[in-house]
Amino acid sequence: ELLGDERLLPAAVRSADHLLSQVGPGQVDIILTGALYGLPSTSILGPIVRLHRHTGEQRFLDYAEYIVDQWQHHPDGPPDLVRQGLTDRPLHDWFPEPMKWAKSYELISCVEGLVDLYRVVGNDDYLTAAQNIHRQLCAWERSPAGSVSFDDKFIGSNRLLNTVGELCDIVYWNRLSHELLCLTGDPSYADELERSLYNGLLCGMNREGSWGLRRLRLSHQHVPSHRHCRLNHQQCCVANSPRGLLQAAESAVLTGPEGVAVALYSPGEGTVELPSGRSATLRIRGDYPADSRVLIELTPESSEALTVRLRIPAWSRETQVRVNGRVAGRPQPGTWFELKRVWSPGDRVELVFDFSLRTEPFDAALPADDPLVVWSEQHWAGVRDMNPDAPPHTLTPADARPHRPAVALLRGPVLLCRDARLTDPFAPVAVDPDALAEAVPSEPPAGVWMAFEFGATRLWDLASAGNTWDARSRFSTWFELP
């Protein structure tokens, strides 16, 4: 599908037909194949739907519905994503022992496939379940860095200060957010994409692009992927991380029957198709998100009436928009700001976002001796054995952060951190969420993207903090409250 080479389609059909002859009605149930409760096997739902869309063959659509039906017929298998999703219950409440249940990114892939199937058959339950699951993951699993789950498990992980995310989960979380953004137009899905892109995903690769993380931390040290069989094999997080960065381009600029929607503001240039069938060049300039100013130039082939929609992030309380130097209105946070006009070559839109520092709280609703907290800290006892080739690290229960109230600091979409190369990342720092000082930009040293002064405290962006992946750059995103 990506290459658009129709010569590849017959091979895909033959592979799918072989699958149907071995696994499915009258054969082995797909839930009983593979490991991890059949979730990896049923995550082919999306590709099967796309194969139906390309071929029009009913047998592939029937097989997609068969996969969905399988979710409700094996009580010891994966969850019934539709029926459970319609209940609007937190995912960690679906199972009696969630800490023993996996896997998160295959589950998200199944939900993405459910969205694909909705597009074909129009079953509203499929879309409602997907939206409910996304909302519950935001509420219970998503960290300030945009990671989801704890070590590839949905356990209500944002109840843990010492959470840890896999890069695979972030990639598939963004894929689901993208599909729901395109389907519903709800800008909150783009807010989630942006958070994960500029924080969790940018942590995932080293500066050379030669290797990646297995586990993303919010404090202490990240955990690099180990090399399978002691070779340079790319463990799934390493293989998926570049996909996550590249797929952001799909979400940046969207087109529709009324015009163009700009959802992400990283600098870039491309050609967009307009409702008239003609094209226009779209350029996004600036240094976003290091700088709050963004310049957008739209150059159609000739003057044309259309609507340009601009995503106003929910975190930008006061956003300025000017068209060709003139104030265009007062955008509201968390909405699309629409510019309906005749656009001519050379028209320019300038945005200035509100980069005031803000906090996101961790309320420590669970006591330090709660079984979930104890399990999460004991979990690190086996990490070294799983990664024999990884650099030594200090993620042990003995030095885990205390489980008490804290806040994270964000500037625009970027999470700010302390790093051992600057200061003691765990030293007490007074932070009053109701009276925040500004984070003043400073000159970043080599190997650092953004640097700031917060009173007497120096801060870096999350992607730069901890980027040696060892004890030299122990870091923390959290500022504990009294």
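These legends go with several close-up views of one predicted model.

The model is predicted, so local features need pLDDT of at least 70 and side-chain atom pairs count only at pLDDT 80 or more, while totals for chains, interfaces and linings use all residues. Residues are numbered from 1 along each chain as its sequence is written, and side-chain values use heavy atoms, with hydrogens and water left out.

**View 1. L202, L245 and W449 make a nonpolar surface patch.**
Patches are made of residues with over 30% relative accessible area and no salt bridge; like charges are joined within 9 Å, and nonpolar side chains (Val, Leu, Ile, Met, Phe, Trp, Tyr) within 5 Å. Accessible areas come from the Shrake-Rupley method with a 1.4 Å probe, and for residues only the protein chains shown count as cover. L202 sits in helix α9, which covers residues 187-203. Helices (H or I, at least four residues) and strands (E, at least two) are DSSP runs, numbered from the N terminus. With a relative accessible area of 31%, L202 is partly exposed. Here buried means under 20% relative accessible area, exposed means over 50%, and partly exposed is in between (1.4 Å probe, protein chains only).

**View 2. The second largest pocket has a volume of about 370 Å³.**
Of its 19 lining residues, the closest to the centre are L202, M205, N206, R207 and A463. Helix α9 gives the most to the lining, with 3 residues. Sorted by class, the lining has 9 nonpolar, 6 polar and 4 charged residues. In this sorting, Ala, Val, Leu, Ile, Met, Phe, Trp, Tyr, Cys and Pro count as nonpolar, Asp, Glu, Lys and Arg as charged, and the others, Gly among them, as polar. How is such a space found? Rolling a probe the size of a water molecule over the atoms shows where empty space is left. On a 1 Å grid over the protein atoms alone, a pocket is an open set of points with protein on both sides within 12 Å along at least five of seven lines, whereas a cavity is a set where a 1.4 Å probe fits but cannot get out; lining residues have an atom within 4 Å of a point. Grid points are joined across faces, edges and corners, and a volume is the space filled by probe spheres set on the points.

**View 3. D116 and R119 form a salt bridge.**
A salt bridge is a side-chain nitrogen of Lys or Arg within 4 Å of a carboxyl oxygen of Asp or Glu, and the structure holds 30 of them. In this one, the closest N and O atoms are 3.4 Å apart. D116 and R119 are separated by about one helical turn because they are 3 residues apart in helix α6 (residues 104-121). D116 is buried at 4% relative accessibility, while R119 is partly exposed at 35%.

**View 4. E297 and R285 meet in a salt bridge between two strands.**
Their side chains come together at 3.4 Å, N to O. This pair links distant parts of the chain, with E297 in strand β9 (residues 293-300) and R285 in strand β8 (residues 279-286), 12 residues apart. E297 counts as buried at 11% relative accessibility, and R285 as partly exposed at 41%. Elsewhere, salt bridges that share partners join R50, D116, R119 and E179 into one network.

**View 5. D88 and the R89–D93 salt bridge.**
D88 is found in the loop between α5 and α6. Its phi is near 60°, a positive value in a residue other than glycine. At 32% relative accessibility, D88 is partly exposed. The side chains of R89 and D93 meet in a salt bridge of 3.5 Å, N to O. Both partners are partly exposed, R89 at 32% and D93 at 42%.

**View 6. The peptide bond from Y288 to P289 is cis.**
Its omega is near 5°. P289 lies in the loop between β8 and β9.

**View 7. L274 is a buried loop residue.**
L274 lies between β7 (268-273) and β8, and its relative accessibility is 3%. L306 is 32 residues away in sequence, with its C-alpha 8.0 Å from that of L274.
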